[in-house]
Amino acid sequence: MTGLAVRARIAVRNIDYDIEAPSGSVLAVIGPNGAGKTSLLSIAAGLLRPDDGRVELDGRVLTDTSAGIHVPTHRRGIATLSQQPLLFPHLTAEANVAFAPRSAGVGRSRSKEVAREWLSHVGAAELAGRRPSELSGGQAQRVAVARALAADPALLLLDEPLAALDVESAPAVRRLLRTMLQERRRTAVLVTHDVLDALALADTVVVIDDGRVVERGPVRSVLAAPRSTFAARIAGLDLVDGTVVAPGTLRTPDGITVMGTGDVEVGSAAVAVFTPSAVAVHAEPPHGSPRNVFRATVSDIEVRGASVRVTARVSSTLALSADVTAAAVADLDLVPGHIVHLAVKAHEVALHGAP
Ligand SMILES: Nc1ncnc2c1ncn2[C@@H]1O[C@H](COP(=O)(O)OP(=O)(O)OP(=O)(O)O)[C@@H](O)[C@H]1O
């Protein structure tokens, strides 16, 4: 196949998985601490040898334990972007980026040219002469993105690339990554703890728990209807697909409008995301504060510890969940088939550009 295929078993790490990312797609990897996410990246990069396993990238065998094949890391055509930018402190931003094509055998002056092109591509042209100590976290991560891509890798490994950034710079770097990943349909693996990063950047997701794949599939279906405990804990979100028709306004193909906040360009595909605990259930349409109100038919009621998850169908393609108290379920006399009004405040709804 083209793209990445990793099959690996490592006894001491209790790892035994089989994971694929088709060419040009972004695969998100989520799972609890110690699940084996970073190990997956290390195996792909050739930094970690499985006891038994095989790594193939675009038809090239990089690791095959049964045949004794182990292509060294620097010959794999793989670039890694980590949480920390890991720039060389003594080199300028430009020299840091030029280092990637230089290591791949490109000549000195062409490497400089490539570095300048990439710096301007990531919106960091004016930082070319600065050293890492003169860059903010977000700026340094931009330079690191340029360096990762300047070698034109066949595979990009992203290890929590936004985790170390502050709330101000993370959205801009997330947008940059989205553009970079989409523009050239790059194959990438993204390890993340953040559901929103998976939604914004990835096509498919694997959930790893205890060294095994417990769930896999398109990001939105896995996050909206998680089957594994871990995915359910971090996800189980309400997701609405559509197009941004005005600033802060998303419309679904069947004409449902959702107001939210988020910097997504008008005209682009997006997903509105909110947590079921932000959704209130009313028998009659609520009056007052500006909010999203959806008329819906209750389809499912599930007790989850102290709260009750009510799922209701808004249209043939959209169902939303609300987490309410058991008392509210009794007060509202909620049973499947009843008409309710689901309300969620616009500031509780995040709009994200969708891949
Ligand atoms: N250098 C090592 N030597 C032996 N075992 C290790 C080593 N590094 C990690 N492990 C073990 O391998 C398993 C998988 O670890 P890994 O770092 O891949 O998990 P992770 O999902 O990336 O976790 P986190 O989210 O905490 O970074 C864990 O049980 C861990 O204890």
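**Exercise 1.** Are α2 and α3 oblique or roughly parallel to each other in this predicted model?

*Solution.* Begin with the geometry: helix α2, residues 93-103, packs against helix α3, residues 108-121, at an angle of about 120°, and their axes are 8 Å apart. Next, recall that angles of 65 to 115 degrees count as roughly perpendicular and those over 145 as roughly antiparallel, with the rest, apart from those under 35, being oblique. The two helices α2 and α3 are therefore oblique to each other. Finally, the crossing in which α2 passes α3 is right-handed.

**Exercise 2.** Work out how α3 is oriented towards α4.

*Solution.* Helix α4 covers residues 137-150, and α3 packs with it at an angle of about 130°, their axes lying 9 Å apart. This angle makes α3 oblique to α4. From α3, Val-114, Ala-115, Trp-118, Leu-119 and His-121 take part in the contact, and from α4, Ala-146, Leu-149 and Ala-150. The residues of the contact of α3 with α4 comprise 7 nonpolar, 1 polar and no charged.

**Exercise 3.** Describe the surroundings of the ligand.

*Solution.* Among the residues that surround the ligand are Val-12, Arg-13, Gly-36, Lys-37 and Thr-38.

Technical notes:
Residues numbered from 1 in each chain as written. Predicted model: local features only at pLDDT ≥ 70, side-chain atom pairs only at ≥ 80, totals over all residues. Near = placed C-beta within 6 Å. Axes fitted to C-alpha atoms, helices over the stretch in contact; angles between N-to-C directions. Helix = DSSP H or I, 4+ residues; strand = E, 2+ residues; numbered from the N terminus. Left-handed = near helix turned anticlockwise from the far one by under 90°. Contact = placed C-beta atoms within 7 Å. Nonpolar A, V, L, I, M, F, W, Y, C, P; charged D, E, K, R; others polar.
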